[in-house]
Amino acid sequence: MSYLDNILFAIILIIGFGYFVSNIKKIYRNINLGIDVDRKDNSKERWRNMAMIALGQSKMVKRPVAGILHIIVYVGFVIINIELLEIIIDGLFGTHRVFAPFLGGFYNVLIASFEILALLVIVAVTVFWIRRNVVKLKRFINPDLNGFPKSDANYILYFETVLMFLFLFMNASDLHLQNVPGGYSHFIKAGSFPVSQFLEPLFNGTNSDLVALFYELFWWLHIVGILVFMNYLYFSKHLHILLAFPNTYFANLKPLGEFDNLASVTNEVKMMMDPNADPFAAPAPTEGEVPAKFGASDIQDLNWVQLLNAYTCTECGRCTSVCPANITGKKLSPRKIMMDTRDRMEEVGKNIDANKGVFVADNKSLLNDYITPEELWACTSCNACVEECPVSISPLSIIMDMRRYLVMEQSAAPTTLNAMMTNVENNGAPWPYNQQDRLNWKND
């Protein structure tokens with residue numbers, strides 16, 4: 001490569017990584033729109049969860065076909081992109097396989113493993129495409145995936161396939177130039193090519209200069225493709241490639257059936273149960289103080305971990321496929337809850353960008369404009385969605401916070417629930433019988 005190529009590569013690299021960093025900053029800003037919550041407890045268990053779930057893919061293999069295929073793609077993505085470091089150095093300094101002299105025979109093992117993984121990734125991605133577009137598994141054809149989400153999943157599969165083929169053809173043309181009698185330019189003999197050796201004969205009979213041109217074309221398309229893919233993540237469900245690690249680390253460690261109580265309500269109840277408490281002793285609110293809001297109607301009312309959950313959602317649909325409400329035909333889809341939360345977060349973020357860092361009220365909210373009360377009240381709070389999620393996302397926590405808002409801020413619970421709560425208040429039980437008559441049934 002000429003010095004001009006090296007300079008051009010450096011510019012493309014700076015633009016690619018610069019844009020990527022700017023998008024990561026937006027994600028960080030948007031997540032921090034949420035309420036603060038402490039997730040620094042029990043760091044040992046949190047590290048273990050991250051190692052087992054995000055790195056070890058322990059929850060993915062509960063569905064073995066998809067799980068094993070995903071592990072192949074995941075390992076292939078991580079390991080093959082170790083090669084990215086060598087490509088960057090070669091591109092900046094005009095070298096060829098710069099690591100080969102330092103790694104010796106181990107370099108051959110590395111390149112061979114890269115190629116085998118690349119082939120396995122192509123096979124796995126092909127199966128994923130068939131499952132999604134030919135077999136049409138139910139969780140991939142739900143209405144909540146209509147439009148961009150459905151196309152996005154296929155775009156990623158095409159991206160990964162093309163990148164793997166470019167990698168193999170780049171190696172095949174490289175191998176051909178390595179074997180040119182007397183050598184060719186700066187191409188040194190290095191690497192083992194168990195897959196691309198079968199593609200190399202395609203270049204037989206072709207002028208070496210033309211093969212070198214093909215090699216540069218494959219090289220450029222491969223590295224630029226990686227940079228484009230990296231920046232596409234911001235717009236894609238594949239953000240979980242990066243966010244699965246913090247998401248599993250900061251996941252809720254409490255038992256699934258345990259919900260958070262509001263401190264203000266807890267204090268009120270304790271005061272009511274204390275016979276020595278003065279009911280008028282509570283400090284009056286100061287002038288101009290905004291009363292605490294119960295529950296959540298928009299993303300600013302959710303905590304930052306819930307917003308991190310929304311960005312981490314893989315849209316795999318495992319949550320929706322086990323949701324009893326969805327299975328029985330209700331409108332609720334836990335996957336849609338997370339997608340809607342992310343969409344609203346992006347909308348708020350764009351509002352802030354357009355108004356010089358300040359959010360300007362847009363008369364919209366997550367509740368009603370994105371998620372309807374009908375969806376929220378369809379939830380049975382069984383935690384099946386939380387248990388099934390491969391990256392420890394909790395759609396239920398968002399559902400419960402929005403229900404809390406409907407009940408405590410708007411008194412908008414369903415009639416049957418209002419009747420039950422009235423009975424609890426008046427009779428100390430959910431049934432419409434006073435305490436004196438409660439045991440009359442035994443007389444019959």
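I take contact to mean heavy atoms within 4.5 Å.

**Ground rules**

I am working from a predicted model, in which local features need pLDDT of at least 70 and side-chain atom pairs count only at pLDDT 80 or more, while totals for chains, interfaces and linings use all residues. Residues are numbered from 1 along each chain as its sequence is written, and side-chain values use heavy atoms, with hydrogens and water left out.

**Entry: Q306**

I started with Q306, which sits in helix α11, residues 304-312. Helices here are DSSP runs (H or I, at least four residues; strands are E, at least two), numbered from the N terminus. With neighbours within four places in sequence left aside, Q306 is in contact with M338, S397, I398 and D401. Its relative accessibility is 3%, so I list Q306 as buried. The classes I use are buried under 20% relative accessible area, exposed over 50%, and partly exposed in between (1.4 Å probe, protein chains only).

**Entry: the whole chain**

I then looked up the overall make-up. The protein chain has 19 helices and zero strands. The radius of gyration is 28 Å, well over the 22 Å that the globule rule gives for 444 residues, so the chain is more spread out than a compact globule. That radius is taken over C-alpha atoms, and the rule is 2.2 Å times the number of residues to the power 0.38. I noted a C-alpha trace spanning about 105 × 55 × 40 Å along its principal axes.

Of the 444 residues, 44% are buried. Among contacts between residues at least 6 apart in sequence, 77% join residues at least 24 apart. The accessible surface comes to about 23700 Å², and carbon and sulfur atoms hold 64% of that area. Such areas come from the Shrake-Rupley method with a 1.4 Å probe; for residues, only the protein chains shown count as cover.

For charges I found 37 positive and 42 negative side chains, with the centres of the two sets 5 Å apart. Lys and Arg count as positive, Asp and Glu as negative, and His and the chain ends are not counted. Each charge is placed at NZ of Lys, CZ of Arg, CG of Asp or CD of Glu.

R97 is in the loop between α4 (83-93) and α5 (100-103). At 6% relative accessibility, R97 is buried. The side chains of R97 and Y107 are joined by a polar contact of 2.9 Å. A polar contact is a pair of N or O atoms within 3.5 Å; within protein, one must be able to donate a hydrogen and the other to accept it, and residues adjacent in sequence count only if both atoms are side-chain atoms. I also noted 8.6 Å between the C-alpha atoms of R97 and G191, which are 94 residues apart along the chain.

Q178 belongs to helix α7, residues 148-178. Q178 is buried too, at 6% relative accessibility. A polar atom of its side chain lies 3.0 Å from the backbone nitrogen of A190. Residues up to four places away aside, Q178 touches H96, R97, I188, K189, A190 and F193.

**Entry: helix α9**

I checked how covered helix α9 (residues 240-249) is, and seven of its 10 residues are buried. These are H240, I241, L243, A244, N247, T248 and Y249. They pack against α1, α2, α3 (64-80), α8 (208-232) and α11.

P149 is in helix α7 and is buried at 16% relative accessibility. M339 is 190 residues from P149 along the chain, with 9.3 Å between their C-alpha atoms.

P324 is in helix α13, residues 324-327, and is partly exposed at 33%. P324 touches T380 and C382, residues up to four places away not counted. The C-alpha atoms of P324 and S381 are 9.9 Å apart.

**Entry: positive phi**

N42 is not a glycine but has a positive phi of about 50°. It lies in the loop between α1 (3-31) and α2 (43-55) and is partly exposed at 41% relative accessibility. N383, also not a glycine, has a positive phi of about 70°. N383 is in the loop between α16 (373-378) and α17 (384-388), and is buried with a relative accessible area of 9%.
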